[in-house]
Amino acid sequence: MTIPAAVQTLHPTSETVVEVRGICKKYSEVEALRLIDLDFPRGKLTTLLGPSGCGKTTLLKIIAGLIQATSGEVRVNGRTVTGPGPERAFVFQDFALMPWATVMRNVAFGLELQGMAKAERQSIARNYIAEVGLTGFEDKYPHELSGGMRQRVGLARAFAVNAEVLLLDEPFSAVDEQNRRKFQEDLLRLVDKERKTFIFVTHSIEEAVYVSDRIVLLSRRPGRVSQIIEPKIDRTASPDAIRRDQGYLDTVEEIWQGLKHYVD
Ligand SMILES: Nc1ncnc2c1ncn2[C@@H]1O[C@H](COP(=O)(O)OP(=O)(O)OP(=O)(O)O)[C@@H](O)[C@H]1O
Ligand SMILES: [Mg+2]
């Protein structure tokens, strides 16, 4: 199908939303990141992959405006980041849910902060609670949920605020393998549907290859960009077919070759 020119201008396919320029980060004695330059386009999922401690969470937090870089600059839609903003949502490695609030309240919290009326924010939250498979758990508290379910609440909360940029720090790490695969499908569906800018962190090479448009390999600390890989995968194939596809398997191998010298 050919897309009319007017629609093409409205929905460009590779428009840069987040620009990371010359980012360095030192925590007193520890040099976490050295001179990171990256662009993140709309509608694409980019994964940061690299050894533990190479600065992945640090980079996400700098993009989120939660911590300051030692030098360099992050721009979102051309504007320099000086702190957190509603156009960026963060799903933390360690959930960061409000323990005293129900699933519903946690998911709707970003909208509550924006001053949205209760009925409206609950209706949006309910939709994303369903999207992550938690219908029926709206009135539960975080301590009543498994680790995987808590991560899903974090995901639903990030999606509910309708931020343009989603920063996902190992959102599936506490999930068992079967649910993890289901989540990966959910994530791919959302990437396809929502046209947001996804910046994703995982330790799993297979997961990275399966969900990413682009994979940024970072070196051991201080983290530097060592390679950028675009998996060549036919996304129209079934999940099982993709995981057996030669392009998928070759990309997994290429990344392993790129990362293995960081394993002691
Ligand atoms: N607040 C802090 N103060 C001092 N050092 C820190 C702080 N936060 C992180 N670091 C250090 O900076 C380096 C990068 O940490 P970061 O959490 O960004 O790595 P990561 O790539 O996310 O690791 P992981 O894969 O284990 O989550 C590590 O050596 C870490 O110990
Ligand atoms: Mg981390």
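**Pockets in the predicted model**

By class, seven nonpolar, one polar and seven charged residues line the second largest pocket (nonpolar being Ala, Val, Leu, Ile, Met, Phe, Trp, Tyr, Cys and Pro; charged being Asp, Glu, Lys and Arg; polar the others, Gly among them). This is a predicted model, in which local features need pLDDT of at least 70 and side-chain atom pairs pLDDT 80 or more, while totals for chains, interfaces and linings use all residues. Residues are numbered from 1 along each chain as its sequence is written, chains are lettered from A and ligands numbered from 1 in the order written, and side-chain values use heavy atoms, leaving out hydrogens and water.

A pocket here is an open set of points on a 1 Å grid over the protein atoms alone, where a 1.4 Å probe fits and protein lies on both sides within 12 Å along at least five of seven lines; lining residues have an atom within 4 Å of a point. The second largest pocket holds about 350 Å³, a volume being the space filled by probe spheres set on the points. Of its 15 lining residues, Leu188, Val191, Asp192, Asp213 and Arg235 sit nearest the centre. H6 gives the largest share of this lining, five residues (helices are DSSP runs of H or I, at least four residues; strands are E, at least two).

As for the largest pocket, its volume is about 500 Å³. It has 21 lining residues, with Arg88, Ala89, Phe90, Leu113 and Val161 nearest its centre. Strand S6 (88-91), helix H3 (103-113) and helix H5 (147-160) each give two or more residues to that lining, and S6 has the largest share, with four. The lining splits into 15 nonpolar, four polar and two charged residues.
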